[in-house]
Amino acid sequence: MTILDDLSGFEFEDVMEDVFRKLGYQNVRQSEKTGDEGRDILMEERVDGRQRGIVVECKHQDRVGRPVVQKLHSAITTYDFDGPKRGMIVTTGSFTDQAKEYTQRLRNQGDGTDIELIDGNDLRGLAEDVGLNLYNGRIEILCDQTLRPIDPAGGIESPVREAFQKVANFDARKLSEVDSTVEFEPVVFIDAETNARFETSVGVIHQVNERTQLLLRADGTTPQAADETIQQLVADGGQHTVGVDDRRIVDVFASTHTNHFGQTETDYKEWVVDHLQRKHTTTVEYTGDNNVDYEKECVPNLSDISVSSISPLYVPRIRSQTKLKDYEYSLEYYAAGPSRQTVENGIGRCVHCDGTLLKHTYCDNCGSINCRRHIKTERVEDEPVCTGCAVTDRFALRKRYFYDRDNLETFREEYEERPAHLKLMENKPLVASTALMMLVMVVFAIGMF
């Protein structure tokens, strides 16, 4: 099977544009598709402190002969570039002997017009470097760097311990081993510029000169802007990254998973260009030479928008599970070293009503975390107990809560031995309201006489 055989010539040029950008060439762009005079891609490289221009001819065919080399040589000669220049021919097939001999003859002339030949075998080597799929033309984004998933000072358990510190009646020493997994979610940081100028017979009526930096979530089939949570983390920790395969990560987490980038660099580039074109499209009112008012829709051309860099990165999403007696608690967050943004906090939620009030209390009897409505005071031991596990009974018409039936029976025996007036004291609100009612009746009776 011929490599990249499903692509058209123009699609092959699109692929090679991304390949050269990934290889580190600068200012990579395509020339016009029509009347290109043999120039498909123009780019630059830095050599000995000087910029050198490169004219690239892309040929998606089985055999490339001498006429293609001659055509490129002419294109290099006429290319208006202030500095040294060279050429390059890239093909999915091979070069004829005549093409190779003519290229060598040009090189021997020593006039500085060097032409590099890259055939299908060479493309296979480039594919390994940039993640190019040789059969569908997709250039997978290769990335091995992630924001730090672990706080170097606190360790993997630090966020969980911090969350449990906000729960009343919980002893941090009871915290069992935390089971944590990490999923690396891809994002791309894009730096672009829009420089558009709109003129009429009266002069410039509108212009745009703006630099735009965007962070895109890159794990879906459609690019989308990252939310403020991710943006803030990248801003906080983007300068401090580690490898996704770092042993300090692999050895700490129970499992790691890396999501693939959903699109190619070309897809993200096209999305950004379209986004900026729509963003900067506006209708301008102006007065013509004849003193008549006009309206003009100013739409930036695609050539007015340039993407200078596309930088991939992973953002770690941590999921921690902690088991306490009958319950398991999860904490899910995005991390960037000591910085993090919580996604889901099961530790700060009542197990009975899912309430997320600020005040939560731990029940040591069953391991539950409870809001105020679902936590009571155990009658015998005067400690918190939740309504979910407590054994209950009524004394002096008031409901009382116990850790278990043994505590209930212990208190019942004690209660039965009390004199009547002390039994009533088990329901102090009832006693107080009864006394108040009697007092009101006495005052009322006195007032009748």
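Modeller: The lining of the largest pocket divides into seven nonpolar, 10 polar and nine charged residues (Ala, Val, Leu, Ile, Met, Phe, Trp, Tyr, Cys and Pro count as nonpolar, Asp, Glu, Lys and Arg as charged, the others, Gly among them, as polar). The model is predicted, with local features requiring pLDDT of at least 70 and side-chain atom pairs pLDDT 80 or more, while totals for chains, interfaces and linings use all residues. Residues are numbered from 1 along each chain as its sequence is written, and side-chain values use heavy atoms, without hydrogens or water.

In total, 26 residues line this pocket, and Glu17, Arg29, Gln30, Lys269 and Leu302 lie nearest its centre (a pocket is an open set of points on a 1 Å grid with protein on both sides within 12 Å along at least five of seven lines, a cavity is a set where a 1.4 Å probe fits but cannot get out, and lining residues have an atom within 4 Å of a point). The space in the pocket comes to about 860 Å³, taken as that filled by probe spheres set on the points. At least two lining residues come from each of helix H1 (9-22), strand E1 (26-30), helix H8 (265-279) and strand E17 (305-324) (DSSP runs: helices H or I of at least four residues, strands E of at least two).

Two of these contributors, H1 and H8, pack with their axes 10 Å apart, at an angle of about 100° (axes are lines fitted to C-alpha atoms, and angles run from 0 to 180 degrees between N-to-C directions). H1 is therefore roughly perpendicular to H8, the term covering 65 to 115 degrees. From H1, Asp14, Glu17, Asp18, Arg21 and Lys22 meet Glu265, Thr266 and Lys269 of H8 (heavy atoms within 4.5 Å). This contact has no nonpolar residues, one polar and seven charged. Glu17 and Lys269, which take part in the contact, are also among the residues nearest the pocket centre.

E1, another contributor to the lining, belongs to an open sheet of five strands in the order E1-E2-E3-E5-E7, with mixed pairing (at least two DSSP bridges per pair). E1 and strand E7 (115-118) are the edges, each with a single partner strand, so one side of each has no neighbour in the sheet. From one strand to the next, the twist averages 20°. Within the sheet, strand E3 (residues 50-59) and strand E5 (residues 85-91) are parallel and share seven bridges; Lys59 stands opposite Thr91 in E5.

Helices also pack against this sheet. H2 touches E3, E5 and E7, and its direction makes about 150° with that of E5. Helix H4 (residues 120-130) lies across E5 and E7 and runs at about 80° to E7.

H2 (residues 66-78) has a helical partner as well: its axis and that of helix H3 (residues 97-109) come within 7 Å and cross at roughly 30°. The two are therefore roughly parallel, a term for angles under 35 degrees. Arg66, Val69, Gln70 and His73 in H2 meet Gln98, Ala99, Tyr102, Thr103, Arg105 and Leu106 in H3. By class, that contact has four nonpolar, four polar and two charged residues.

Technical notes. Angles under 35 degrees count as roughly parallel, over 145 as roughly antiparallel, 65 to 115 as roughly perpendicular and the rest as oblique.
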